[in-house]
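The following explanation leads the reader through selected parts of a multi-chain model. Please keep the sequence and the coordinates at hand while reading.

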Amino acid sequence: MAVTSKDTPLTSTPFVLPGDKLPPNSDSANNRTGVYVRDGGTYSSICGKVTDSKSTVKPLVPPFMCPEKGNIVLCRVLSVSQISAKVEIISVGSQVLKEPLMGIIRREEVRASEKDKVSLFQSFRPCDIVQARVLGLGEGQAYVLTTAESELGVILARKLCHGGRMIPVSWCEYQCSVTGKREKRKVAKVINNISSN
Amino acid sequence: MNIIRHVVTMEVKSRGIECELGIITRADGSAQVKQGNTIVTCGVYGPVEAKSAREKVDKAVVEVIVKSETGLPGPYEKELELLMSSCCETMILTHLHPHTAISVSIQIQSDNGSVIVCMVHALCCSLLDACLPLKTTFSAIKCAFLSDGSMLTDPTTQQEETATSQLTYIIDRKGKLVASHATGSFDTEEYIKGLSVASSTAVHRTDFYRETISRKMSRIKQ
Amino acid sequence: MLTSPAYKHVLYASMVDSKVIVLPGDAIPLAVGNDIKLGPGTYSGGGREEGSSVFVKPGILRRKDRDGSSSFWVNTQHKRYVPSEGEKVIGVVLRTGRVYRVDIGASQNASLPELAFEGATKRNKPIVQVGDLVFGSLCQADPDFEPEMTCVDSSGRASGMGLLKKPGCVISCTLSLCRRLLSKQCAVMEELQKHYKFECVVGLNGRVWLSAPTLMQTIIIRNCIKSSEFMSEDSIKEMVRQAVLT
Amino acid sequence: MAGAGSGRRNRYLAPEATRNPLLCLKEKKEDNSILRSNQLRQDGRSCTDIRPVSIQSGIVSHVTSSAYIELGDTKVLCSILGPRHTQKDFNLEGQVLCQVKFAPFSCHFQKPSQQEEKFMSSIISEAIVGAIRTETFPKLETLVNIVVLENDGSMLTAAILCASIALATSGIEMKDLPTACTVSYSDKASNIYYDPTIAEEYSTANENKDVIGYKSVVYLPLLREISGVYQVGVAESHSVSSQLLEACIEGGLRYHERVRQYLKDLA
Amino acid sequence: MVLSQTKMDLDFRLLFPEEFIKQILDEGYREDGRSHNQTRSTTLTVGSFKSADGSAVVRIGGTCVACGVKGELANPRAISPKDGFIVLNVEYSLVTGSEKLGAIGGGEKFFSSQSLTQIIQDIIHSSKFINLEHLCIEEGKICWSLNVDVVVLSCDGPVIDACVLAAVSALKNATLPSVEIESEKPLVSMATRNHLKTGQYPLMTSFAIHKKEVSDTNIGVLVDPTDDEAQYCTGIVCIAVTNDQKLTGLYKYGGPAMTSDDIQKCIRKAKKQATILVKLIDNTMK
Amino acid sequence: MADRILSDFEISYIKQGVLADMRSDGRSCRDYRSFELRSGIVSNTSGSAEIKLERTNILVGVKAEIGQPNPLNPNKGRIEFFVDCSALASPKFEGRRGEDLGRNLAHRLSDLYENSNCIDLESLSIIPGQDCWIIYVDALVLEYSGGVLDCLSIAVKGALANTKIPKLTVIGEGEEQEIEISDNPFDSTSIDTNNVPVFVSLSLIGNQFIVDASHEEEACSLCQLSVGVNHKGSICSILKEGAGSFKHRQYNEAISLASEIGVSVIEKITLTNNTAPEKML
């Protein structure tokens with residue numbers, strides 16, 4: 001009486017839909033990208049072509065990676081107050097988010113050394129581009145970020161309306177190429193030749 | 001509070017503008033402009049706290065609300081709001097006040113033709129009264145072309161009904177076109193002719209603004 | 001620049017005291033002095049050299065020449081206060097907590113740290129409730145951030161700042177009137193001092209705090225200050241004399 | 001526009017007391033029976049044939065992903081607004097919100113009421129949410145917006161297929177691609193019509209005696225589970241309704257093949 | 001991901017979209033390789049929805065707009081007994097995802113749906129496209145009320161051009177059944193359907209205008225701007241031209257001030273674009 | 001339905017109970033809770049009924065009025081449903097949530113009555129195209145403890161059975177036809193409700209469907225199937241709500257279970273209807 005729909009064999013055809021069975025692979029470590037385990041069998045959770053090693057799927061569309069603890073994110077500062085800076089996360093790792101997510105950098109997580117004497121007004125300005133690391137999900141709407149490491153912090157200070165470029169002068173200052181005005185920032189040590197990890 | 005009637009001679013026959021500043025005490029800047037019996041009142045609430053949903057990071061957000069004489073605002077008022085907010089957006093130096101909002105509310109008290117012109121003058125006067133940083137002052141003029149080709153400036157409602165086209169120009173003090181709202185069927189020559197008439201009145205309107213401001217300032221003895 | 005129609009009826013040479021009304025869009029006359037200092041009400045279009053500096057606010061043109069350099073600014077008359085560094089203002093406390101939120105009539109509320117009072121330490125802090133009046137100076141006022149207030153000057157003393165505890169009333173008036181009240185030869189203040197003994201604190205954000213022994217006197221002072229804005233020197237003296245008699 | 005008068009709300013309103021021309025027809029439609037003499041339906045399909053399916057994706061810009069599907073004349077467009085922030089209260093599990101709207105010109109008689117649209121949105125969202133791995137976007141929400149441009153029968157099928165194609169191309173991880181099918185049936189399920197047009201679908205308005213109800217089922221083919229059922233009309237006994245269920249599942253699998261084929265060509 | 005020099009240019013578009021587009025426009029290019037005067041391909045399909053009396057779908061590059069016309073019987077107003085009704089409404093459909101989060105470059109639309117409704121209604125009214133008297137069946141008693149509903153499905157650029165084109169071609173494609181009156185009750189016969197009598201139809205082209213950094217006198221004009229370009233150029237000019245090259249609407253919203261010869265340059269471009277669209281309508285209507 | 005927060009332990013307790021076919025209140029998975037239906041208790045309505053199922057209490061009033069028929073089918077009467085979940089029932093009902101739930105229930109009921117043409121609507125028409133009887137059914141949920149859709153359908157069936165529609169005569173013909181209602185309360189017709197269907201909702205807990213879930217069981221059920229069954233046991237409407245999904249086999253068992261339960265419930269209703277004395281308040 002029940003419909004005897006054919007039991008789905010191991011997918012001979014290279015193309016895979018979500019739910020198709022994949023051969024069980026040993027390294028279930030990165031079981032986050034496009035593969036999930038359900039009562040024993042591993043199944044694909046995205047559409048795409050199965051790679052030759054038959055264990056991972058080359059996705060048709062890159063899957064959405066939610067910011068996880070420890071990811072490095074690139075974000076743009078929206079507003080700065082005394083206790084925290086509200087930022088808009090633009091990309092997680094190398095994946096550009098189609099729609100920016102909200103993040104927050106608290107005062108204690110700006111600098112590793114002498115945490116409590118930090119003034120956020122001297123660390124960030126709106127429209128700066130900041131590189132930060134995700135600390136956790138946080139309970140409110142925003143993800144909790146930190147810039148406590150030396151290579152995290154402001155990468156590109158904001159563009160001034162008269163087109164001058166801001167050049168990092170020291171670990172805590174940017175200087176405008178046109179007017180020479182110095183502005184204090186939490187500068188990230190950018191090593192130019194290392195490509196993205 | 002004596003009101004200076006400012007009648008422009010030349011062939012630009014206009015019903016003359018009367019302007020009164022500081023009409024609304026709670027607003028940061030307000031003005032009531034009468035042209036014939038078209039009366040418009042405009043209140044400007046200077047850089048105020050912006051709602052976080054609409055807040056812009058690098059510049060001030062301009063919110064305009066237009067209310068006509070009767071009834072709830074519909075598509076007609078919404079389009080006028082778009083015209084007024086685009087004027088404000090370009091004229092006000094919004095990047096000097098980031099994270100804030102400038103809210104403008106315009107009430108059309110009585111409409112007897114060329115209401116957009118009256119709204120633009122009320123808007124400019126109230127922005128001057130609120131001393132918001134402006135690139136330049138701006139003014140407006142409306143030309144209506146009749147079927148026999150003759151041109152009327154600053155038409156009343158009856159003249160507007162018979163006109164084949166109604167061209168409204170919003171010009172800055174140098175006579176260049178800031179915004180325009182032209183309907184009806186017309187051709188390029190008519191439009192350009194109207195524009196040249198409009199830019200010729202630019203200087204008079206600037207003097208009118210200078211008079212209004214000097215009247216406001218003259219009450220204060222230095 | 002000079003020959004443009006906007007200036008055809010203006011004598012530019014000597015205009016220290018004659019009233020010249022300036023509109024947004026009027027160009028700043030560069031031809032006169034060598035280096036120009038631009039005060040409030042002007043905008044230099046972002047520092048480009050060819051001098052697109054323009055007046056952006058309507059008002060009376062003020063000019064002061066000191067040893068070769070002339071500085072221009074515009075006296076405007078408006079109500080909305082735009083905070084700038086170092087100005088002393090009167091604020092109303094909206095929220096208490098580790099950092100007080102104070103409304104100073106600007107687009108954002110100012111933040112006043114708890115310990116920013118004279119002699120305030122962790123243990124003995126001045127008791128501040130919602131609605132209290134605070135007189136303090138703006139130690140940080142950047143358009144991008146919230147303004148920050150403090151009631152202590154650089155050497156840690158209050159020098160007049162702090163909570164305004166005595167009974168008194170606050171009147172809100174235009175910013176130009178406040179600046180005139182603070183100027184030395186202000187007619188209305190001198191007159192009133194002759195007749196009454198009263199305390200007056202002027203905040204640059206358009207708020208003046210008055211406290212006089214009797215209610216009647218406070219009202220008289222209040223009306224005199226309010227109406228002095230639109231009068232000349234001598235008519236102020238006359239007005240105060242009549243007010244005192246009644 | 002002298003006629004319409006100036007609008008009071010954010011739309012211009014039609015004049016009052018307007019009547020739909022279809023209600024005052026001069027000549028009555030005589031034969032409204034479903035089957036023609038040679039056991040074929042009005043548009044030449046046999047009982048178990050489904051209408052030609054044409055799919056396009058990536059039509060709408062500035063959204064995470066979008067899909068457009070045509071089952072014969074039924075045209076449905078769906079767009080996915082990727083995992084984004086939610087104003088609702090905190091919830092560790094990802095939320096999926098689905099909304100269905102009918103275009104003003106989409107139906108012959110009247111556009112379904114707001115309550116009707118809300119009812120269909122709840123059916124579709126509850127059918128889809130089972131197939132999405134909501135644990136991969138905690139604290140965020142995904143909006144599935146569906147617009148029906150023309151409704152010529154089996155609208156639920158088109159909406160589900162359109163949503164699953166859009167989800168497949170949106171990068172959101174899924175347990176399975178839901179598929180669906182609608183069948184209308186006559187008395188005692190003597191004959192079952194797959195993928196009925198609006199005329200063949202049962203509704204109190206048209207008086208075709210032959211069809212007494214329709215049933216649409218949403219099926220997860222690879223999990224082999226049913227995630228949505230909506231049956232209308234009197235089925236004799238429970239065996240009839242299970243017979244209809246098998247017909248729907250069999251139709252659903254056919255649609256699933258068609259979707260797999262489309263996604264394969266896309267790669 | 002540490003920003004390395006090579007990745008800078010890709011991320012420059014991502015991080016500072018405003019400067020990126022301004023720089024490209026100043027050098028005379030466009031993000032998708034078009035020249036400043038080149039428009040995107042426009043496709044027009046007519047009569048695609050059977051449930052409406054007349055319908056049209058317009059696609060200009062990324063923008064897609066559908067329009068349906070449904071006729072209903074109504075009794076005319078006392079003050080204008082001979083006139084029928086045209087009720088035109090434009091709405092952004094749910095699918096466009098109009099309410100976007102994100103402070104900078106948020107995708108909120110320049111034209112709200114109500115302002116679009118008003119502009120298009122003004123243009124169609126002022127170009128005398130459809131004479132309301134033709135919609136009258138019996139004076140004072142019964143007349144046609146056409147519900148013209150324009151639904152914006154995707155917006156990536158000149159939504160207003162697509163809406164006008166869609167409304168015009170839907171009305172041209174619309175056919176109304178013939179109606180006789182028998183004892184006060186209208187009887188509709190679907191057999192004979194006849195087209196509407198239409199006059200000059202308007203066609204809209206819109207330009208994004210930006211100030212060239214190099215010399216601030218002359219104005220850069222972009223025809224058929226995409227959504228991102230329109231967002232970062234400060235002004236929009238919409239010019240409506242009828243098919244016999246007469247102007248029927250000229251709307252300029254904000255942006256740098258233009259002299260009269262800038263405007264004439266735009267009007268000439270608009271007329272050229274209108275002739276292309278007239279050809280497109282003619283061969284789709286055949 | 002109105003959600004109720006359950007800890008994981010409670011959920012596993014209920015699940016094991018269902019597996020062992022012994023639920024927390026002693027019933028097996030197939031047992032219906034006993035309910036008490038009283039009709040004719042509200043005076044100024046054409047018909048009314050009240051149902052008490054353990055702690056769920058719903059009051060239904062029916063008023064018959066003369067009005068315009070629906071233009072789509074002019075020679076039929078109309079039935080309008082309105083369900084009000086009052087804040088008495090549970091704190092979750094005030095404001096929008098109560099309204100939404102009420103509108104959903106009303107839509108579900110009108111969907112059932114419309115599509116399974118269980119009531120002869122032609123008999124309700126007075127002058128085809130002009131006037132007809134409109135039956136307004138108003139339900140008020142006074143107390144809530146699960147199974148609200150089933151109780152609602154039972155109460156409505158009871159109220160319709162109890163409805164009295166006054167006789168009327170049509171005078172004159174052609175255009176102006178007059179309607180004259182007889183004022184004698186006794187000579188009135190009633191609505192034939194014997195093939196009116198009743199809802200049976202089944203909730204999936206673990207991988208088994210249970211009948212008439214209580215409040216707690218509803219909160220921890222993955223999804224609900226609401227099945228309309230009439231006195232002959234035929235299925236009038238099926239709808240699945242909730243996010244879960246189930247196997248093919250479970251579905252078939254559930255539907256056959258539902259039709260049995262439905263028939264037994266309808267028998268119990270007709271039993272109580274006839275025996276309940278006419279209460280003339």
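This is a predicted model: local features need pLDDT of at least 70, side-chain atom pairs count only at pLDDT 80 or more; totals for chains, interfaces and linings use all residues.

Leu21(B) has Ala31(B), a residue of β2(B), as its bridge partner. The strands involved are β1 of chain B, residues 17-21, and β2(B); they run antiparallel and are joined by five bridges.

How many residues of strand β2 of chain B are buried? The strand comprises residues 29-35, and seven of its seven residues are buried, so that it is described as mostly covered. In a regular strand, side chains alternate between the two faces of the sheet. In β2(B), Gly29(B), Ala31(B), Val33(B) and Gln35(B) point one way, while Ser30(B), Gln32(B) and Lys34(B) point the other way. The residues of both sets are buried, and Lys34(B), a charged residue, is one of them.

Chain B also meets chain E through a pair of helices. Helix α1 of chain B, residues 75-91, packs against helix α3 of chain E, residues 113-126, with the axes 8 Å apart and at an angle of about 105°. Angles of 65 to 115 degrees count as roughly perpendicular, and α1(B) and α3(E) are therefore roughly perpendicular to each other. From α1(B), the contact involves Pro75(B), Tyr76(B), Lys78(B), Glu79(B) and Leu82(B); from α3(E), it involves Gln114(E), Ser115(E), Thr117(E), Gln118(E) and Ile119(E). By class, the residues of this contact comprise four nonpolar, four polar and two charged.

Chain E itself contains six helices and twelve strands. Its C-alpha trace extends over about 80 × 45 × 35 Å along the principal axes. Of the 286 residues in chain E, 51% are buried. When contacts in chain E between residues at least 6 apart in sequence are considered, 71% of them join residues at least 24 apart.

A further contact brings together chains D and A. Chain D contributes 33 residues and chain A contributes 28 residues. On the side of chain D that touches chain A, β3 (74-84) and α3 (238-266) of chain D each provide at least two residues. Which element gives the most to this side of chain D? It is α3(D), with eight residues.

Chain A holds an open sheet of three strands, arranged in the order β1-β5-β6 with antiparallel pairing. β1 (15-16) and β6 (57-59) of chain A are the edge strands, each pairing on one side only. β1(A) and strand β5 of chain A, residues 48-50, run antiparallel and are joined by two bridges. In this pairing, Val16(A) lies opposite Gly48(A) of β5(A).

Two backbone positions deserve attention next. Most residues other than glycine have a negative phi. His62(D), in contrast, has a positive phi near 65°, and it is found in the loop between β1 (53-57) and β2 (65-71) of chain D. Is His62(D) buried or exposed? A residue counts as buried if 20 or more other C-beta atoms lie within 10 Å of its own; His62(D) has 20 such atoms within 10 Å and is therefore buried. Asp21(F) also has a positive phi, near 55°, and is located in the loop between α1 (8-19) and β1 (35-39) of chain F. A residue with 12 or fewer neighbours counts as exposed, so Asp21(F), with 12 C-beta neighbours inside 10 Å, is exposed.

For chain D, UniProt lists residues 50-173 as "domain: Exoribonuclease phosphorolytic". In the model this span is 24% helix and 33% strand, and its end C-alpha atoms lie 29 Å apart. For chain C, UniProt places "domain: K Homology" at residues 168-214. That span is 36% helix and 30% strand, with its end C-alpha atoms 10 Å apart.

Key:
Residues are numbered from 1 along each chain as its sequence is written. Chains are lettered from A and ligands numbered from 1 in the order in which they are written. Two strands pair if DSSP finds at least two bridges between them. Helices (H or I, at least four residues) and strands (E, at least two) are DSSP runs, numbered from the N terminus. UniProt positions are given in the numbering used here, feature names are shortened, and annotations may be inferred rather than shown by experiment. Two residues are in contact if their C-beta atoms, placed from the backbone, lie within 7 Å. Axes are lines fitted to C-alpha atoms, for helices over the stretch in contact, and angles run from 0 to 180 degrees between N-to-C directions. Angles under 35 degrees count as roughly parallel, over 145 as roughly antiparallel, 65 to 115 as roughly perpendicular and the rest as oblique.
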